[in-house]
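I opened this notebook to record, entry by entry, what I looked up in the structure. The entries follow the order in which I went through it.

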Amino acid sequence: MHKPEFRSPPARFPRRPLAVLAWLLLQGTTVGAQVVQAASDEPPLQLKTSPLLQEQVDPASRGSLPTFIFAERIFGRPDLETVLEGRAELRRGDLVIKADRLEYDQPTDLARASGSVLINRAGNVYEGPLLELKLDSFAGYFDQPRYYFLKNDAHGEADRVDFIDAQRAVIHNATFTTCRRLPGPSWLPDWILRAASITLDQEEDVGTAKGALLSFKGVPLLPIPYLSFPLSDKRKSGFMPPTLGLDTVNGVEFSIPYYWNIAPNRDATFTPTVMSKRGVNLGTEVRYLEADYSGQLRLDLMPVDQLRDNRRWGLNYLHQSQVSNGLTRRLTDGGLALNLNLNRVSDDNYWRDFSRASGSLTQRLLPSDATLTWSNGYFANSVRTLKWQTLQDATSPIIPPYDRLPQLTTRYARNNIGGFDVAVNADYTRFESTSALTGQPNAHRAFSSAQVSWPWLGAASFLTPKLQLHATQYQFDAPFKSATSATRVVPTFSVDSGLVYEREARYFGRSFLQTLEPRAFYVKTPYRDQSALPNYDSGAHDFNFATIYTDNAFVGNDRISDSDLLTLGVSTRLLDPDTGAEAARLGVAQRLRFRDQNVTLLPTDAPATDRISDILLGASINWDPKWAFDSTVQFNPTTKRSVRTTMGARYNPGHYRVVTAAYRYQRELSQQLDVGWQWPLNDLWGERGQELGAGRGQGDGRWYSVGRLNYSLNERKLVDSILGFEYDAGCWLGRVVLERLQTSTTSATQRIMFQLEFVGFTRLGINPLKSLKDNIPGYQYLREPTSPSSRFSNYD
């Protein structure tokens, strides 16, 4: 749309503002002296925002705003009517009216304009031959207008616009599109909505079309008797665009979501979906957000699933809240914090048959967890209940984990008591599961630990000796290895020490602050026979840089390893001296074992007898912000072969350009190659895009390739994969995406997702954006919500 030219007022109008300015300049010496004199006694003046630049004009003050008029000829009667001819212009607040001729009747507040009429109200522009409008109420009509809306860059033409008030208008025989107008009378937009009438509500940011037809590339797509669409990113109630898809398990899918904007902090989405091979699925999502609590509920229900000939359902509920009242504030430091995470499904096959459900429901172990926490002085306390639902598979059974009904914990911690740090932990848990599957009785377990350490920190060194004592008591529901109870007391002594050296260095023409950080960690724990103790929550620590400096080889409280270990390591880092950003890191660590570790996770496991552990080698390089590299190698010095290797690299030279690659290898278990990317295909033939910023694409007419491939080198096949193309035409986006998900060692589900997005209006098809965002590291949306445009960005 043509933007009208801004013109200065004619020279014959009074120069009073200039006279006032001249007077201020003449008085400048005195005023300036007063300011300087008072500067030492009074605080400096503070800048304040000007009401002249506020986005919204206060309706209460709109009627009292002054009216400015400009024209080549002005005549009329004072306080009655005013007639402007020749480049006529009227301004009041955020309203501008321009025309060849403009008549204003002051008693009725009615303006009549004819000949090249233009209205700009807060950035929304209307142009046409004839206007009649009441300025204060903004009620009137506009004949044969062309219009442009600031919030979504939409424009169109109509036979007539009826302005109901400042926020509402009805457009008759209207068109609507966000495609940028190009020069020439034969121009047609790529997509256009034609309607018998369009009602606009700027207060609610909602448009309503009746008797509408949506056309794309001149082809009618969708006749719509009634349609409601957004004028901005503001939420609104109404039916969302229908989706149509194809899936190897579900068949043809068709759904019409309905969004209910209950309140600014509450909403719900209802999504009935028809699946040709399975039946009807009723999906419901409810969200709420309050000052002290928030949550989200997701429920899917299939009354009859033809795939299993049964009713199917899945439930996921998240809730976080802060309970604070007079009583809780007296008993605690900040009240009580409650967190709920509930997950339940109807049957064992749900994870396989609904592979694209909520991520928490596509697993075979579903937790339902409720935790209440609070603190009081040096104490931190919690009460927790955890119950698992185990989805069993006859070909791959799972031993169910233990429920915690309940778990009570408390921790007391104080630092620097005469130079010592002290901490005491206590945990009481009731463990329940199916004894026939676990091979252990249910039990009550009480665990406590106390530790005291003396941290010594120097300018370039640290030394922390620490003494711990662990005590555990079990009470079994049934005899376990001929006993109904068991106890264990184990002490642990450890010393953690290290040095940090720094020096200025220069590599490849760059200056750095280089560190050298040797570290030594020694731990001594005497042997206590624990083969007669059950195992409810313990597992072996993964061997990595985070766990090699720990004092227990196990996680959990049922196993405490006997240790006589010395861990030695050294790392060096290259830091940017100006920002402190890490450009590179290299590290190596290894354990020295002075005697066998006889405590094992299971009685059938062999003791650890190696005197020298595998060597951990780690490297990460972020030399350039465009590049990132990270690698960890676990190397066996006896066999002189790597046991486990992970390598990852990322290249991200700008918006919408990212390539990631990862290689993961574990000897005799798995070997995988993972590649993901988002890249403009136009780059291949030398067409570099425009740097418009995140969420705005890189210009019209550009193709993008997106995908992620996870390939198993051992099995020589793709495991999970997603591959697609996106096209950005400016006012519309097209996406075609193929997705394959592995559901078992012998089966997978596949689907194709096709979507047309009419920018600023609606989307048609199956939305692949969530799959792309979840699977492709660094993926960016071609269009994202941005801050609303200012009315001053389209100022006349």
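I began with Arg-181, which at 32% relative accessibility counts as partly exposed, a label that covers values between the cut-offs for buried (under 20% relative accessible area) and exposed (over 50%), with a 1.4 Å probe and protein chains only. Before going further I noted that this is a predicted model, in which local features need pLDDT of at least 70 and side-chain atom pairs count only at pLDDT 80 or more, while totals for chains, interfaces and linings use all residues. I also noted that residues are numbered from 1 along each chain as its sequence is written, and that side-chain values use heavy atoms, with hydrogens and water left out.

**Entry: salt bridges**

I looked up the partner of Arg-181 and found that its side chain meets that of Glu-157 in a salt bridge, at 3.5 Å from N to O; the term stands for a side-chain nitrogen of Lys or Arg within 4 Å of a carboxyl oxygen of Asp or Glu. Glu-157 belongs to strand β9 (residues 154-157) and Arg-181 to the loop between β11 (168-176) and β12 (191-201), so this pair ties together parts that are 24 residues apart in sequence. For the elements I kept to DSSP runs numbered from the N terminus, with helices (H or I) of at least four residues and strands (E) of at least two. Glu-157, at 39% relative accessibility, counts as partly exposed.

Arg-266 lies in strand β19 (residues 266-275) and Glu-290 in the loop between β20 (279-289) and β21 (293-305), so parts that are 24 residues apart in sequence are tied together by the pair. Arg-266 is partly exposed at 29% relative accessibility, and Glu-290 is partly exposed with a relative accessible area of 27%.

Then I turned to Arg-702, which forms a salt bridge with Asp-683, the closest N and O atoms being 3.1 Å apart. Arg-702 is in strand β43 and Asp-683 in the loop between β42 (670-680) and β43, so the pair ties together parts that are 19 residues apart in sequence. Are these two buried or exposed? Arg-702 is buried, its relative accessible area being 4%, and Asp-683 is buried with 14%.

The network I looked up links Arg-278, Asp-305, Arg-308, Arg-312, Asp-347 and Asp-353 by salt bridges.

**Entry: charges over rings**

Arg-278 also lies over the face of Phe-354, at 4.4 Å from the ring centre; a charge counts as sitting over a ring if NZ of Lys or CZ of Arg is within 6 Å of the ring centre and within 35 degrees of the ring normal. I found the charged end of Arg-510 over the ring of Trp-623, 5.2 Å from its centre.

**Entry: the disulfide**

Which cysteines form a disulfide? They are Cys-179 and Cys-731, with sulfur atoms 2.0 Å apart, where the term requires a pair of cysteine sulfur atoms within 2.5 Å. Cys-179 lies in the loop between β11 and β12 and Cys-731 in the loop between β44 and β45 (732-742), so the pair ties together parts that are 552 residues apart in sequence. The link is right-handed, with 65 degrees about the S-S bond. Cys-179 is buried at 4% relative accessibility, and Cys-731 is buried with a relative accessible area of 7%.

**Entry: aromatic pairs**

I recorded 30 aromatic pairs in the structure, counting rings of Phe, Tyr and Trp (its six-membered ring) whose centres lie within 6.5 Å, with planes under 30 degrees apart called stacked, over 60 edge-to-face and the rest tilted. Tyr-126 and Tyr-147 form a tilted pair, 6.4 Å centre to centre with 50 degrees between the planes. This pair links distant parts of the chain, Tyr-126 being in strand β6 (residues 124-134) and Tyr-147 in strand β8 (residues 146-149), 21 residues apart. Both Tyr-126 and Tyr-147 are buried.
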